[in-house]
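Visitor: I have a structure to go through with you. Could you show it, please?

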Number of protein chains: 2
Amino acid sequence: MIAGLGPGADDYLSKQVNEALANATDIVGYITYTSRVSDRKGLTVHSSDNRCEVQRAELALNLALSGRKVVVVSSGDPGVFAMAAAIFEVLETDPKRWRDVNIEVLPGITAMLAAAARSGAPLGHDFCVLNLSNNLKPWALIEKRLKLAIEADFAMVFYNPSSRSRPLGFERTLKILKNGCSSDRPIIFARAVSTAKETINIVPLAKAKPDMADMQTIVLVGSSQTKVFFHQNRMVAYTPRSVRD
Amino acid sequence: MIAGLGPGADDYLSKQVNEALANATDIVGYITYTSRVSDRKGLTVHSSDNRCEVQRAELALNLALSGRKVVVVSSGDPGVFAMAAAIFEVLETDPKRWRDVNIEVLPGITAMLAAAARSGAPLGHDFCVLNLSNNLKPWALIEKRLKLAIEADFAMVFYNPSSRSRPLGFERTLKILKNGCSSDRPIIFARAVSTAKETINIVPLAKAKPDMADMQTIVLVGSSQTKVFFHQNRMVAYTPRSVRD
């Protein structure tokens with residue numbers, strides 16, 4: 001099984017994911033995520049580093065083939081920029097080898113849904129979702145998609161906006177947004193959502209700065225229709241369901 | 001609270017949503033969704049018809065203002081084409097009136113994540129999400145977004161692809177896709193996901209037909225990179241994480 005652990009807090013997990021974890025013999029995943037699974041007798045935890053997705057997928061498939069009850073864990077949802085695609089990529093390289101492995105993907109609450117919930121309802125209308133990391137795709141493609149998303153007037157979600165190894169990507173992204181959108185466009189920086197370190201910061205585009213995002217941040221960009229107002233001293237951003245003719 | 005009930009089956013609900021339902025005095029929602037909440041002594045259920053979102057939001061805010069513990073329920077996630085935006089739209093019309101109402105949005109597993117999980121990992125790379133209903137926006141805007149999404153080579157998700165009152169929209173959508181994408185582009189029709197009536201149908205674009213989608217269907221469209229293969233007599237669709245230079 002390939003299961004989503006949700007954004008961070010335990011009470012975001014679905015019942016089926018909790019059951020899968022309780023019945024597993026082996027947990028496989030990036031160490032930051034495996035550490036969120038409670039240890040217990042009879043459970044073997046296989047933690048690996050980031051960017052080892054292919055080796056991790058092979059390990060999980062081989063363990064399952066040997067009869068172990070394996071749960072591969074991802075943060076959020078396993079189908080959104082996470083382990084489900086990596087498993088199927090590896091499976092497709094040699095389908096016969098693993099043909100007896102039953103695979104089930106158990107969805108989870110992906111970071112953008114939790115971030116949106118904590119900031120209002122910025123994804124209440126059409127939107128697009130981009131992984132801003134150019135580790136696995138050319139930067140030119142990210143730039144092209146950003147410009148077309150602005151033209152389409154989508155609200156936008158950025159996963160992996162910034163990291164130490166990619167300090168310039170988000171700076172470039174903000175430049176593209178500032179060229180194409182009005183200066184009051186709401187930008188939401190949602191960091192470590194649902195954990196004790198959670199921060200939600202909503203600023204107009206003119207005040208958005210590259211250092212407002214790190215690897216634990218998800219960034220949401222309103223469409224031209226997104227509104228911001230105060231409720232109980234907290235800023236709320238929402239995108240109305242309607243667009244008038 | 002504005003809570004997401006997930007795609008259908010009870011075991012997709014998060015612990016926090018289950019707790020909110022258990023502590024509520026009042027449940028408010030579209031009758032199809034309120035019927036999914038178990039009745040119990042002390043619970044008042046306020047069901048209303050589709051397209052009454054504004055009146056429903058006012059009712060919920062007024063009940064909460066009077067001291068009731070209200071949970072507004074949406075299918076899937078309340079922030080994606082659902083009640084959260086409607087509540088904030090109504091709240092913003094008269095913020096002073098409801099300033100004492102505490103509002104919390106509890107995310108849920110939205111239909112696209114469940115549909116993606118049941119078909120493989122089609123949303124493993126950048127994607128966009130469109131509500132194909134033109135009840136609340138002009139059709140020209142939908143068409144513009146579809147064309148730009150094809151140009152951006154996003155995988156796509158369509159909520160509300162078709163209904164009895166809008167028989168032509170999905171037919172037009174397929175025409176636009178057939179004009180802009182190759183005939184083997186995988187199209188996923190995921191109907192009633194996680195319920196006893198679930199069907200997952202993956203076809204190449206050339207074989208996609210308007211009557212394959214109804215109001216209970218979510219449609220996913222692969223990007224140019226999305227691959228399809230068979231595993232255990234079941235078709236799997238996934239979008240690789242990488243795009244080469």
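Predicted model: local features only at pLDDT ≥ 70, side-chain atom pairs only at ≥ 80, totals over all residues.

Guide: Chain A can be laid on chain B by a turn of 180° and a shift of 0.0 Å along the axis, with an RMSD of 0.0 Å; the superposition is by least squares on the C-alpha atoms of residues with pLDDT of at least 70 in both copies. That is the relation of a two-fold axis. The same surface serves both copies, as 100% of the contact residues of chain A recur in chain B, two residues being in contact if their C-beta atoms, placed from the backbone, lie within 7 Å.

Visitor: How many residues of chain A are in contact with chain B?

Guide: 62 residues of chain A are in contact with 63 residues of chain B. The side of chain A that touches chain B has 37 nonpolar, 11 polar and 14 charged residues. Here Ala, Val, Leu, Ile, Met, Phe, Trp, Tyr, Cys and Pro count as nonpolar, Asp, Glu, Lys and Arg as charged, and the others, Gly among them, as polar.

Visitor: In what order do the strands of the open sheet stand?

Guide: The order of its 10 strands is β10(A)-β9(A)-β11(A)-β8(A)-β7(A)-β7(B)-β8(B)-β11(B)-β9(B)-β10(B), with mixed pairing. Strands (E, at least two residues) and helices (H or I, at least four) are DSSP runs numbered from the N terminus, and two strands pair if DSSP finds at least two bridges between them.

Visitor: Why is one side of each β10 left without a neighbour in the sheet?

Guide: β10 (199–204) of chain A and β10 (199–204) of chain B stand at the edges, each with a single partner strand, so one side of each has no neighbour in the sheet.

Visitor: In which sense do β7 of chain A and β7(B) pair?

Guide: These strands pair in the antiparallel sense over 3 bridges, and Cys128(A) has Cys128(B) as its bridge partner. Within chain B, β7 (residues 127–131) and β8 (residues 155–159) run parallel, joined by 5 bridges.

Visitor: Turning to Leu146(A), is this residue buried or exposed?

Guide: Leu146(A) is buried, because 24 other C-beta atoms lie within 10 Å; the cut-offs are 20 or more for buried, 12 or fewer for exposed, and partly exposed in between, with C-beta atoms placed from the backbone. Leu146(A) belongs to helix α6 (residues 139–152) of chain A.

Conventions. Residues numbered from 1 in each chain as written. Chains lettered and ligands numbered in written order.
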